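Subject: Structure handover

Hello,

The structure we talked about is below, with the sequence. My notes on it follow.

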Amino acid sequence: MKYLGYIIIVLFFVSCSEDKQPLKTGPWRAVMQLDNEKEIPFLLEFKKDSSFVIINAEEQINVDDVVFKGDSIFISHPVFEGMIKGTYTKDSIKGNFIKPSLNRTVPIVMSSGRKARFDVNAAPNTIVTGNWETVFSPDSPKDRYVAKGVFDQRGNRLTGTFLTTTGDYRYLDGVVENDSVKLSTFDGAHAFMFEAKVTQNDSVMEGMFYSGNHWKEPFTAKRNDNYKLPEADSLTFLKKGYDSLKFAFPTIKGDTISLKDKRFRDKVVVVQLMGTWCPNCLDETKYLSEYYKDKPDNVEIVSLAFEYAPTKEKAIQAITKFKKAVDVKYPILLAQYGNSSKQQANDKLPMLNHVLSYPTTIFIDKKGKVRRIHTGFTGPASGEKYEEFKKEFERFTEMLADE
């Protein structure tokens, strides 16, 4: 009887604790509303500690900056400036996803309960597992770019990503229904959705890519298991007459750092061109920060941040938040604020033929000579490609360190 009484008391307090939660704990589903017809869905979980976990395939993003004021809720990403702001009840949230520096707002509706990312009413009649040679905006010379779709299908469930010459679209999660493909992701900075039809005996895919409510473009893809993207080390290079890199930018404390400083003398230096707003940059920085903990003594890392924050103060705040969230021990310098223009970035680094992508990673040997420039970053969502990058990064960096 005493044991039974103990169980009843425990259940009572658990129930009371649950009742005190402002939102129902457990699974939630959210949709970004693009217009009257299109929605970008994603899944979350609300935890007992009043935090959210955003779920995209194998990725889980912890978001613990959740503030309740009256009937209002504010959900802020630990790194990016994007915020979900709305009103809430126990089992619903209605509001907007806001990116203040870009003046972008997307309506969002969130509801508790275990629901599918995409509703499925029919079995698939196509299998899209494998590699797909892809072209985005194929009819627009200005916007056209190539990519490689890498997908894994299990029944109706589809996961994977698109690799491009400048990075990847991170963890995509979705379904195949009849001959239709739907994939989405939300990483706290971007909300993406891909919709396509598969035709010609499972060999051709034609569809549309949506980035929030501010951009959409068509894409075509054909099955090609042997397709390879252009080499990432061949896209950005030094102009004729240059063999080194020069810059001088301030830290968040206002101290100017250049490659002539004592900390870089007689060392291999890895220079990362990045932005705190950039998910691929976040992925690379997580790796670089881990590598930095056990790096050789004669290797250094420095990042140059190109920020779209409208003021210097806000840019410094963004870098400070980024450094703390990722535990970055090496310097991140403020190279630009007010926009993330690659042309203006190139003006600050005129020895490069162009700045094509954030991130771009530049390897400098102990004599100060640029030895390699790697465009973009394929993160953990790319699977084998990410593992290959890590192995090659460590092999090449340590080879330079041993010279």
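This is a predicted model: local features need pLDDT of at least 70, side-chain atom pairs count only at pLDDT 80 or more; totals for chains, interfaces and linings use all residues.

Asp266 has a phi near 60 degrees, which is positive although the residue is not glycine. The cut-off for exposed is over 50% relative accessible area, so Asp266, at 56%, counts as exposed. Asp202 also has a positive phi, near 65 degrees, and is likewise a residue other than glycine. Its loop runs between strand 16 (191-199) and strand 17 (204-211). With a relative accessible area of 27%, Asp202 is partly exposed.

There is also a cis peptide bond, between Tyr358 and Pro359, with omega at about 0 degrees. Pro359 belongs to the loop between helix 4 (342-348) and strand 24. For context, most residues other than glycine have a negative phi, and most peptide bonds are trans.

Next, the nonpolar cores. The largest has 59 residues, and Leu245, Val271 and Leu304 have the most contacts inside it.

- strands: strand 21 (268-274), strand 22 (299-306), strand 23 (332-336), strand 24 (360-364) and strand 25 (370-375)
- helices: helix 2 (279-293), helix 3 (312-326) and helix 5 (384-402)

Another core, of 29 residues, lies apart from that one; Leu23, Phe52, Ile93 and Phe118 are among its members.

What does Leu304 contact, leaving aside its neighbours within four places in sequence? The list is Phe247, Phe249, Val271, Gln272, Leu273, Met274, Leu333, Ala335 and Leu349.

Last, Thr134, which is part of strand 10 (residues 130-136). Is Thr134 buried or exposed? Its relative accessibility is 0%, so Thr134 counts as buried. Its side chain comes to 3.1 Å from the backbone oxygen of Trp132. Beyond the neighbours within four places in sequence, Thr134 is in contact with Tyr145, Val146, Ala147, Lys148 and Gly149, with Phe162, and with Phe219, Thr220 and Ala221.

Regards

Key
Residues are numbered from 1 along each chain as its sequence is written. Side-chain values use heavy atoms; hydrogens and water are left out. Helices (H or I, at least four residues) and strands (E, at least two) are DSSP runs, numbered from the N terminus. Buried means under 20% relative accessible area, exposed over 50%, partly exposed in between (1.4 Å probe, protein chains only). A polar contact is a pair of N or O atoms within 3.5 Å; within protein, one must be able to donate a hydrogen and the other to accept it, and residues adjacent in sequence count only if both atoms are side-chain atoms. Contact means heavy atoms within 4.5 Å. A nonpolar core is a set of buried Ala, Val, Leu, Ile, Met, Phe, Trp, Tyr and Cys residues joined through side-chain atoms within 4.5 Å.
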